[in-house]
Protein chains: 2
Amino acid sequence: MKCRVCRAPAVLDIRRHNAAFCRDHFLKHCAEQVRRSIKDHDMISAGERVVVAVSGGKDSLALWDMLIGLGYDADGLYLGLGIGEYSDASGHTARVFAHERGLKLHEVDLAGEFGYDIPGAAAATHRAPCGACGLSKRHLFNAVAIEHGYDVVATGHNLDDEAAVLLGNVLRWETGYLGRQHPVLPEAPGFARKVKPLYRLGERETAAYCVLRGLDYQVEECPMAEGNRHLGYKDVLNALEDRSAGAKAAFVFGFVDRAHERFTDDAGAEREGLGACVVCRSPTTGDVCAFCRLRERVASRSGPSR
Amino acid sequence: MKCRVCRAPAVLDIRRHNAAFCRDHFLKHCAEQVRRSIKDHDMISAGERVVVAVSGGKDSLALWDMLIGLGYDADGLYLGLGIGEYSDASGHTARVFAHERGLKLHEVDLAGEFGYDIPGAAAATHRAPCGACGLSKRHLFNAVAIEHGYDVVATGHNLDDEAAVLLGNVLRWETGYLGRQHPVLPEAPGFARKVKPLYRLGERETAAYCVLRGLDYQVEECPMAEGNRHLGYKDVLNALEDRSAGAKAAFVFGFVDRAHERFTDDAGAEREGLGACVVCRSPTTGDVCAFCRLRERVASRSGPSR
């Protein structure tokens, strides 16, 4: 197995590209995929400030590392979700990464600042924790970006993530979600731009990137996500990819190229007529935004003393 | 397990409906699903003549039986595909079914009338046989309908078939195919209307219908389809259905209700500017239609003596 570029011994093959790479050309390949994503979708313009949503896992650290490598002005944001040892370890990893490189890392602790954590929210809502976690992240990534004047929130969603979410949205034809599922969600009043520069890279590639760059990342997956629907979709897609290399890329890229725009009316309609949340001033369709309603719900379950 | 309607002992449960039925109410349930499909999509109007594409399998015989039971004027059409014993047995089954009920069955034999069979076409095209088979069926069902003045071609595609085809079309975002995938494809110059009245019934249900009605059907699946992509998609969908009953129905019905119309422009464009095939006069985008090109290709491979 030889590097496609320089014919040196390869360290990794990528079946869907029918190619193998040596260390250096693999890292260049990853950076090139990210550069292309940013360029194709006008994700970040010259002089814009980026905040990277950093979990401490392979994707977010690879993303932050690549954005810095490509010369972008990118700080990090870590959310303390309160998921026991998993959160302790991932927070530590994110802090070490930032400290060693002299990068700025914002931190928001759900329990300390908002009085709840993800296990508590799951118990209060009697639902899978991933719902409350996703809601909290979406709200706080945006709120911090707006508060600190960042133009762009960059998240580490990779090709496998996007394919799994897309499959779930397509299986139920969630037309509003389909209209919002894109490598770029444009800025709007009260909303920073959201971008996913890793959407062309598989999770095997972001993991290899971290290993080959010597980035110390949190290998453990979130213990609360076990058995969730999203991971089931990943299994299905891995089976399809095994039978036909490139299936995931064709699914996600084909959607972006030929189908997404057919669903944008639904997403646009949901963003119109938004007011400000009476509690936190974030954009919302009702009086109180979903984030503040979640906080209220967890607080009321914990009793009046809290 | 008791019948949802009459509380008698049930013979079958349908998880996605969270219901079980006795024999009689299950048969009524099936007929009601077909009646509803026809009504919801204006598949067949009063006085229209229907030709049912009959393979001898469970779906096509259940369909023909139900259409007759619902009072429609429905004849059958059997295509001799030349797939060895499988074709011999399925042709026999179709003939017996028609004969016992005094129904009219048209027959077209590919080898006798067009000089090729499906195994020969697969060999000549160096492709999976299912492509040549589908092309031959689409062409001849329509040609026979036009020739004999039928308004409607009814095929036995069930919920599992539609879900598998939809998954394949979505994974590659085949926008033209998505625009044409619908329970009804309207009539157009040179095209009879195509309808799929079984799209609300799973294949387990059409099989049970045949067993409970005492219909003798060809149980064996086509030996040439083994390992094809379509069956792989069925496996994937069965796994999703196991985890979440109703997943296939939500996928297909959601597409019909909320997504199909977003793709019809692509399908419409493909039907415009059609001319007549210089060989057979069927509508085509080129000079010679795909069916006649397939015939030529198989004939030229077989040598000039044929």
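By class, how many residues in the lining of the second largest cavity are nonpolar, polar and charged?

Modeller: The lining of the second largest cavity has six nonpolar, two polar and one charged residues (nonpolar: Ala, Val, Leu, Ile, Met, Phe, Trp, Tyr, Cys and Pro; charged: Asp, Glu, Lys and Arg; polar: the others, Gly among them). The model is predicted, so local features need pLDDT of at least 70 and side-chain atom pairs pLDDT 80 or more, whereas totals for chains, interfaces and linings use all residues. Residues are numbered from 1 along each chain as written, chains are lettered from A and ligands numbered from 1 in written order, and side-chain values use heavy atoms, without hydrogens and water.

The second largest cavity has a volume of about 50 Å³ (points of a 1 Å grid over the protein atoms alone where a 1.4 Å probe fits but cannot get out, with lining residues having an atom within 4 Å of a point). Its lining comprises Glu162(A), Leu166(A), Gln181(A), His182(A), Pro183(A), Tyr199(A), Val252(A), Phe255(A) and Val256(A). H11(A) gives the most, three residues.

The structure holds two cavities of 30 Å³ or more. The largest, of about 60 Å³, is lined by residues of chain B, including Glu162(B), Leu166(B), His182(B) and Tyr199(B). There, H7 and H11 of chain B each supply at least two lining residues, and H11(B) provides the largest share, three residues. By class, the lining of the largest cavity divides into six nonpolar, two polar and one charged.

Note on methods
On a 1 Å grid over the protein atoms alone, a cavity is a set of points where a 1.4 Å probe fits but cannot get out, and a pocket is an open set with protein on both sides within 12 Å along at least five of seven lines; lining residues have an atom within 4 Å of a point. Grid points are joined across faces, edges and corners, and a volume is the space filled by probe spheres set on the points. Helices (H or I, at least four residues) and strands (E, at least two) are DSSP runs, numbered from the N terminus.
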